[in-house]
Amino acid sequence: MLKGKKIVLGITGGIAAYKAAELTRQLVKEGVDVKVIMTRHATEFITPMTLQTLSGSPVFTDMFTPIKDFEIAHISLSDFSDIIVIVPATANIIGKIASGIADDILTTTIMATKSPVLICPAMNVNMFENAIVRENINKLADHGFYILEPGSGELACGTIGKGRLPELAVIMEKIKYILTEKDLLSEHVLVTAGPTREPFDPVRFITNYSSGKMGYAIATAAYRRGARVTLISGPTHLQIPHGVNFISISSAREMRDAVMANLSEATVVIKAAAVADYRPSICETQKIKKKNEDLEIKLEKNPDIIEEIGQKKEERILVGFAMESEHLVENAIAKMVKKNMDFIVANDVTKQGAGFQGDTNIISILDRDGEMNELPLMDKTQVASIILDKVKLIRENRRKNPTSLTGTFPFAWKTVGDGDKVK
Ligand code: PMT
């Protein structure tokens with residue numbers, strides 16, 4: 001999502017300045033055009049040559065050295081940027097900006113910009129807790145600057161406390177958040193993700209290959225677009241997305257209970273989880289011992305969560321997934337109709353690049369208007385944004401015409417849905 005964005009990275013004189021080099025590398029890797037400004041003190045900690053090499057652009061260190069294409073550098077840089085990010089931000093730069101001082105290339109660029117400015121403080125804990133620094137930070141926040149809370153831990157000066165530069169992943173996520181248009185502000189999106197585990201003794205369970213990536217991508221994208229997000233997830237190895245209300249579950253029944261407990265608040269439900277349709281009828285309290293004869297495990301049906309939501313859908317937009325290995329379209333239509341969804345995202349897990357585990361998916365979106373949109377292989381983050389675009393479109397259509405997309409399904413599709421091949 002950062003591809004083609006223009007970022008001015010301001011580096012000031014703190015020990016964490018070296019981390020700005022890695023940030024530059026990550027931004028460039030995501031397709032960002034990065035222009036670096038360093039204060040004189042920053043050049044004591046890391047060389048402009050390092051940043052020039054990593055950013056692929058000349059580094060700005062003073063106001064009066066002309067650089068090709070940047071005749072009045074601070075004006076050009078402030079116009080150029082989609083966002084200015086200061087990493088690390090010392091007590092000194094925070095104080096200068098808060099006092100309206102513009103006496104070098106970085107402070108003049110900040111003073112002249114209309115772009116958002118993200119400040120990532122890093123300093124000694126006593127400096128961070130100093131009443132004047134706190135006042136300055138609060139003043140900047142009141143003026144619309146974005147401030148990231150520093151992390152806690154061992155600081156470069158040997159003391160322990162708050163003052164570490166926030167993790168680069170946190171800074172990257174904040175940049176993406178700030179640069180994303182907030183077009184889902186009025187929505188509360190409930191997303192389910194990952195697999196469920198259905199145990200049959202204390203050490204074994206039935207599950208599937210879901211990694212949670214598809215659902216987590218949707219939750220992340222919805223949060224960036226301004227929605228409140230509840231993410232109900234089975235066990236995964238993924239980092240909990242920033243800003244979401246995260247609820248961890250294990251079995252399908254736990255997922256059902258968590259969904260129902262949070263349903264009344266949700267304006268949109270997106271069920272990307274791979275829920276086990278069956279669970280072992282009995283879960284032994286002790287580990288099952290190996291015997292000479294075969295072991296049979298009887299399975300019983302799990303609750304169909306999305307079907308239950310579909311029965312009490314009200315104004316909610318309900319989005320399901322169909323994970324198929326054959327008859328993709330027919331099965332997807334049948335599930336959508338039977339479970340009263342607004343649209344369904346069908347993925348054929350036998351296709352290379354689709355379904356479980358990978359970073360990509362190949363989907364078709366079918367809606368209750370009878371539309372079908374087949375999409376090519378794309379990143380799960382792109383799939384997430386297309387799904388949310390569709391949610392937004394349905395919401396807009398409903399506002400214009402409250403009966404739209406709430407009526408019956410097209411006759412031909414309803415016939416498929418009336419069949420009994422749907423589970
Ligand atoms: O997690 P990843 O590795 O990124 O993989 C993504 C994915 C393949 C898991 C995802 O894209 C996907 O297809 N998720 C739905 C998987 C699934 O359970 O599909 P289904 O066709 O069996 O179920 C249809 C719908 O009913 C789904 O929205 C499912 O969440 C829901 N369901 C299913 C069974 C059940 N007991 N309750 C449900 O709510």
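Residues are numbered from 1 along each chain as its sequence is written, and side-chain values use heavy atoms, with hydrogens and water left out. As the model is a predicted one, local features need pLDDT of at least 70 and side-chain atom pairs count only at pLDDT 80 or more, while totals for chains, interfaces and linings use all residues.

Two packed helices are described by the angle between their axes and the distance between the axes. For α5 (residues 91-98) and α8 (residues 131-142), the angle is about 55° and the axes lie 9 Å apart. The axes are lines fitted to C-alpha atoms, for helices over the stretch in contact, with angles running from 0 to 180 degrees between N-to-C directions. Helices (H or I, at least four residues) and strands (E, at least two) are DSSP runs, numbered from the N terminus. The pair α5 and α8 is therefore oblique; angles under 35 degrees count as roughly parallel, over 145 as roughly antiparallel, 65 to 115 as roughly perpendicular, and the rest as oblique. The crossing of α5 past α8 is left-handed, a label used if the near helix is turned anticlockwise from the far one by less than a right angle, with right-handed for clockwise.

Next come α1 and α9, whose axes cross at roughly 50° and come within 11 Å. That makes α1 oblique to α9 as well, and α1 passes α9 in a right-handed crossing. On the α1 side, Lys19, Glu22, Leu23, Gln26 and Leu27 meet Leu168, Ile171, Met172 and Ile175 of α9. This contact of α1 with α9 has 6 nonpolar, 1 polar and 2 charged residues.

The pair α10 and α14 packs at about 55°, with axes 8 Å apart, so these two helices are also oblique to each other. Their crossing is right-handed. Lys213, Met214, Ala217, Ile218, Ala221 and Ala222 of α10 make the contact with Lys380, Thr381, Val383, Ala384, Ile387 and Leu388 of α14. By class, that gives 9 nonpolar, 1 polar and 2 charged residues.

What about empty space? Rolling a probe the size of a water molecule over the atoms shows where it is left. On a 1 Å grid over the protein atoms alone, a cavity is a set of points where a 1.4 Å probe fits but cannot get out, and a pocket is an open set with protein on both sides within 12 Å along at least five of seven lines; lining residues have an atom within 4 Å of a point. Grid points are joined across faces, edges and corners, and a volume is the space filled by probe spheres set on the points.

The largest pocket holds about 1,300 Å³ of space. It is lined by 34 residues, and the closest to its centre are Glu173, Lys176, Thr220, Arg224 and Thr381. Two or more lining residues come from each of α1 (19-29), α9 (168-179), α10 (213-224) and α14 (380-400). The lining of this pocket divides into 11 nonpolar, 8 polar and 15 charged residues.

There is also 1 cavity of 30 Å³ or more. Val170, Glu173, Lys174, Tyr177, Tyr223 and His242 line the largest cavity, and α9 gives the most, with 4 residues.

Finally, the backbone. Most residues other than glycine have a negative phi, and most peptide bonds are trans. The bond from valine 87 to proline 88 is cis, with omega near -10°, and proline 88 lies in strand β3 (residues 83-89). Histidine 327 has a positive phi of about 45° although it is not a glycine, and this histidine 327 is found in the loop between β16 (317-324) and α13 (328-338).

Notes. Nonpolar A, V, L, I, M, F, W, Y, C, P; charged D, E, K, R; others polar. Contact = heavy atoms within 4.5 Å.
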